[in-house]
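Me: Hi! I'm new to this one and would like a quick tour. Can we look at it together?

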Amino acid sequence: MTAIKDGEYTATIYKLIKDSQYVEAIHILNGQLQKHTKSRAALSLLGFCYYHIQDFTNSADCYEQLTQLHPEVEEYKVYYAQSLYKAGAYPEAMKASFMLDNPSSHVKMVKLQACIKYCEEEYPAAKSLLEQLPQEDPDYVYNTGCLLFQDGKHEEACKKFSSAMQVLGYLPALSYNIALCYYSLKNYPQAVKYIGEIIEQGIREHPELSVGLTTEGIDVHSVGNTLVLHQTALIEAFNLKAAIEYQLKNVKGAQEALTDMPPRSEEELDPVTLHNQALVNMDTKPSEGFEKLAFLLQQPSFPPVTFGNLLLLYCKHEYFDLAADVLAENTHLTYKFLSPYMYQFLDALLTCQTAPEEAFRKFDEMNGKLTEQLRKLAKQVQEARLARDDEAQKKSLQENDLMQEKYIVVLMAQSKIYWNRENFQMVEKIFRKSVEVCNEDDTWKLNVAHVLFMQNKYKEAIGFYEPIVKKHYEDVEQCNMQECPCKCKPSVTPESQQLCADASAVASHLCMISVSAVFSCVGCRLSLFPCLQCCSCRFLAPELQTLSDT
């Protein structure tokens with residue numbers, strides 16, 4: 001950078017800040033601070049610039065010095081506590097918040113303390129602090145929505161966020177929270193609608209963020225983790241879009257959503273994006289994916305599903321020893337991040353490697369409990385239908401679908417024990433016992449067909465394949481008849497040959513059991529973790545201090 005003439009430092013620094021060239025401004029200000037170590041102007045502007053490039057640790061350091069040099073300035077105490085909070089130093093931020101002794105800062109202090117408690121997962125304490133605010137305060141409504149979301153009350157949370165938006169106007173963060181509520185309610189079209197609004201506004205108002213250029217193959221530089229990027233909620237929106245595509249089994253769409261987001265270097269990626277990149281590219285880059293997930297587990301914070309997904313992926317790729325090691329080395333994470341169902345499933349899955357009979361018993365016990373829960377849910381659905389309670393019926397049906405998926409997961413893992421031994425008669429017996437629960441499920445039907453096929457029961461197998469092929473025919477690619485396992489069987493007609501070929505393709509499309517490998521089922525369905533951008537006090541970034549503060 002060219003030398004700055006005497007008398008032009010002020011104009012140069014403010015121009016750099018106006019143009020968002022914070023890194024260059026920081027370089028100049030650090031040089032000035034070396035000459036004048038207690039310069040109020042240099043420290044306040046440095047704190048401001050560090051804050052805007054999301055370097056909250058250095059920002060907090062600047063404001064800490066200012067609170068010591070100028071204890072009479074209340075704003076520095078606010079900025080210091082806020083920077084600590086943003087840096088994730090919650091105990092230190094809480095301690096700093098008590099320095100705000102001016103009555104005019106009381107509301108800011110309460111909001112910040114509520115945010116800290118929320119981030120520390122002390123939700124009752126956060127709620128208690130929020131209740132000290134006036135109920136007409138938009139932040140009260142906004143953050144109450146966050147607590148409702150955390151409590152699983154997604155519809156109520158959505159109403160709170162919508163109410164806050166009516167008062168505050170359009171905010172990307174609020175729009176994201178509404179989208180996340182719809183995602184949690186499995187109302188994907190509505191979620192996509194709000195995501196689209198965030199992305200459209202981001203492209204329109206901030207073309208410098210290079211949205212979508214990486215997907216198009218254009219070489220672009222990192223935009224960095226700036227405050228502007230954070231305020232657009234584009235990173236959160238693209239992660240949520242990827243999660244929706246992934247849930248809809250559109251892996252390519254999920255990959256594109258992640259490459260569409262503003263470009264950043266790998267070391268600049270947030271934990272959620274790093275996790276999601278690992279997950280959507282696992283089929284093509286498994287080693288890289290495992291490395292990213294293992295790295296995340298070593299960090300102070302990471303998406304809650306990271307632990308479970310790493311274990312499931314190790315099992316899916318049959319790295320059972322690695323899964324067992326991770327489980328043994330991270331017992332403190334087990335109770336926090338694995339549900340009882342997930343822990344029991346993984347425990348039984350790992351037991352398969354040394355004691356298959358014991359594993360079979362564990363799986364059987366799990367499905368016995370799940371069967372009872374499914375019967376209760378079926379009764380609830382019937383009662384809601386008779387009472388014409390559409391809301392209760394919808395909720396019960398969603399719970400039933402989730403429970404049935406869990407049942408299928410366990411059933412497939414249990415069946416694999418005998419499939420590996422080529423005891424197909426026993427596998428068929430296991431499937432027949434589950435007909436009450438699974439007779440409408442395509443995964444179950446397809447696997448029954450495979451088992452029948454392996455026992456040369458071709459006509460019966462075709463009876464199960466045919467409805468699946470017809471249902472998914474538009475997704476079936478043209479198959480080479482020489483790849484059809486039925487082609488040489490005298491009891492199969494030419495029409496049946498084509499049907500079996502199509503069924504083979506459908507098996508791949510549905511990601512279920514293949515004739516040669518049972519474990520490619522929904523049994524280890526993974527999930528992207530959309531980060532909840534919520535409960536953030538809408539504090540403004542620190543105000544620019546003038547050089548006359550010296």
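**A loop, a core and a helix**

Reply: Happy to, and keep in mind that this is a predicted model. Let's start at His317, which sits in the loop that links α18 (306-316) and α19 (320-329).

Me: Is His317 buried, exposed or partly exposed?

Reply: His317 has a relative accessible area of 28%. That falls between the 20% limit for buried and the 50% limit for exposed, so His317 counts as partly exposed.

Me: Which residues is His317 in contact with, leaving aside neighbours within four places in sequence?

Reply: Those are Met282, Pro286 and Phe290.

Me: New topic: in the largest nonpolar core, which residues touch the most other members?

Reply: That core has 118 residues, and the ones you want are Tyr183, Phe307, Leu311, Phe345, Phe363, Leu411 and Phe431. Helix α23 (residues 390-420) gives the largest share of the core, eleven residues. Another core, of 38 residues, lies apart from it and includes Tyr22 and Leu66.

Me: And what about α6, which residues are buried there?

Reply: In α6 (residues 90-97), the buried ones are Ala93, Met94, Ala96 and Ser97. They are on the same side of the helix, because they span an arc of only 165° around its axis. Pro91 and Lys95, on the other side of α6, are exposed.

Me: What covers the buried residues of α6?

Reply: The cover includes α5 (74-86) and α7 (106-119).

Terms used. Residues numbered from 1 in each chain as written. Predicted model: local features only at pLDDT ≥ 70, side-chain atom pairs only at ≥ 80, totals over all residues. Heavy atoms only, no water. Buried < 20%, exposed > 50% of the residue type's maximum accessible area, 1.4 Å probe, protein only. Helix = DSSP H or I, 4+ residues; strand = E, 2+ residues; numbered from the N terminus. Arc of directions from axis to C-beta. Contact = heavy atoms within 4.5 Å. Core = buried A, V, L, I, M, F, W, Y, C linked by side-chain atoms within 4.5 Å.
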